[in-house]
Amino acid sequence: YTGGGVISISGSGFGNNATALSVTINTLSCHSIIMLNETTSFSCNLPAYAPSFLGGGGGGGSGLPYRVIVTLEGRVNSRDSNMAFSYYPPKVTNISSTNTSGGVISIEGLSFGADLSNV
């Protein structure tokens, strides 16, 4: 699982009206599109998801070929091949414990995902 987050897409001919754009990665819609550079790049918010939901198999991983589809006013991007979409793997940044003979261990980090039962 990944917690989702903001992704950026660069290219050309996107126009300058974010409301005219839509983005789908495999079957998952990206929301809150914001133009970063008029006509050439924008960002959008990808919700939390399981890698298997995107069609990448149960294991997931960065750089898998998830299909990215950009639509502008009903016209779909002309590139029909898979494009590389990646996300950060989980990363532990700190581990702490109150004592050495049992008790609570705190693990801090990034990209653990939204569903803690999978961590």
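1. Let's start with how the chain contacts itself. Among contacts in the protein between residues at least 6 apart in sequence, 47% link residues at least 24 apart. Please keep in mind as you read on that this is a predicted model.

2. Next, the secondary structure. How many helices and strands does the protein have? There are zero helices and eight strands.

3. Now for burial and surface. The protein has 119 residues, and buried residues make up 24% of them.

4. Have a look at Ser32, which you will find in strand β3, covering residues 28-37. Its phi is near 55°, a positive value in a residue other than glycine. Is Ser32 buried or exposed? Ser32 counts as exposed because its relative accessibility is 56%, and the cut-off for exposed is over 50%.

5. Then turn to Glu73. Where does Glu73 lie? Glu73 sits in the loop between β5 (68-72) and β6 (75-76). Phi of Glu73 is near 45°, again a positive value in a residue other than glycine. With a relative accessibility of 56%, Glu73 counts as exposed.

6. Ser32 belongs to a strand, β3, whereas Glu73 belongs to a loop. Phi is positive for Ser32 and positive for Glu73.

Notes
Residues are numbered from 1 along each chain as its sequence is written. This is a predicted model: local features need pLDDT of at least 70, side-chain atom pairs count only at pLDDT 80 or more; totals for chains, interfaces and linings use all residues. Side-chain values use heavy atoms; hydrogens and water are left out. Helices (H or I, at least four residues) and strands (E, at least two) are DSSP runs, numbered from the N terminus. Buried means under 20% relative accessible area, exposed over 50%, partly exposed in between (1.4 Å probe, protein chains only). Contact means heavy atoms within 4.5 Å.
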